[in-house]
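Open the model in your viewer and keep the selection tool ready.

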Amino acid sequence: DCLLSRGLGDVYKRQMWINKCSASRVRGLIHGERPATTNIDFITIANAGTNASDFGDLTVAREDCVGVCNGTRAIFMGGGGTNTIDYVTIAQTGNAIDFGDASTVIRNNGALASSTRALSAGGATPSTVDTIDFFTIATTSNSTDFGNLTAAKSTPLLLPSLQLNTKDSLLLLTNKTPSAPDLAIRSCFELIIISVSYTHLT
């Protein structure tokens, strides 16, 4: 059924850990459901209570692919079985376009973006990895090595670091682990400066 058929509250609950959403200030996109699908749905954020509408299709079917947006472009990556990175112009409905390739086939990765750069961190190949990839959102290309996390992590949670009063910093909360509850937040934090490759503080 449609992700939004029961209201925005249920979307939040179903998307809480793996970020299968991306948004501008006007539109929200939902992509890469389970089982793997090419569907991209969208909502108009100001119109609460309305069901999602079809936006277009990903270039390949994905399960749990993460998304980021700089307000103009939405980027989709990961999702298992492919290293393809897709993008759409979020203001225009239509099918996704190939952006480039990630460094490896990845799933359960975390992602976040500044206005210019996007990062993909951690995940599983299926082995859990510590890699961080980046790309410039405005320029289609393959991803580039950014550096490494302090340890391999699956489904890391990336958040803007408001404490530094800059849009350039990301706060990385540690992953859940097989021995921990699904929403357990462990004691490890990392700070990444998104404009500076190979830079993170613990």
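Strands here are DSSP runs of E with at least two residues, and they are numbered from the N terminus. This is a predicted model: local features need pLDDT of at least 70, side-chain atom pairs count only at pLDDT 80 or more, and totals for chains, interfaces and linings use all residues. Residues are numbered from 1 along each chain as its sequence is written, and side-chain values use heavy atoms, with hydrogens and water left out.

**Stop 1: the cavity**

A cavity is a set of points, on a 1 Å grid over the protein atoms alone, where a 1.4 Å probe fits but cannot get out. Its lining residues have an atom within 4 Å of a point. Grid points are joined across faces, edges and corners, and a volume is the space filled by probe spheres set on the points. How many cavities of 30 Å³ or more does the count give? The count is one. The largest cavity has a volume of about 110 Å³.

Select Ala-102, Ser-103, Ile-106, Ser-120 and Asp-133. Of the 15 lining residues, these lie nearest the centre of the largest cavity. Now colour the lining by class. Six residues are nonpolar, eight polar and one charged. Asp, Glu, Lys and Arg count as charged; Ala, Val, Leu, Ile, Met, Phe, Trp, Tyr, Cys and Pro as nonpolar; the others, Gly among them, as polar.

Which strand gives the most to this lining? β11 does, with three residues. β10 (117–121) and β11 (131–136) each supply at least two.

**Stop 2: the sheet**

Show β9 to β12 as a cartoon. They form an open sheet of four strands in the order β9-β10-β11-β12, with antiparallel pairing. The edge strands, β9 (110–113) and β12, each pair on one side only. From one strand to the next, the twist averages 25°. Angles run from 0 to 180 degrees between N-to-C directions, with axes fitted to C-alpha atoms.

Two strands pair if DSSP finds at least two bridges between them. Walk across the sheet:

- β9 to β10: four bridges. Leu-112 stands opposite Leu-119.
- β10 to β11: five bridges. Ser-120 has Asp-133 as its bridge partner.
- β11 to β12 (144–148): four bridges. Thr-131 stands opposite Asn-148.

**Stop 3: Asp-86**

Jump to strand β7 (84–89) and select Asp-86. Is Asp-86 buried or exposed? Asp-86 is buried, at a relative accessible area of 0%. Buried means under 20%, exposed over 50%, partly exposed in between (1.4 Å probe, protein chains only).

A polar contact of 2.7 Å joins the two side chains, Asp-86 and Thr-59. Such a contact is a pair of N or O atoms within 3.5 Å; within protein, one must be able to donate a hydrogen and the other to accept it, and residues adjacent in sequence count only if both atoms are side-chain atoms.

Notes: 1 Å grid on protein atoms, 1.4 Å probe; cavity = no way out; pocket = protein on both sides within 12 Å on 5 of 7 lines; lining within 4 Å.
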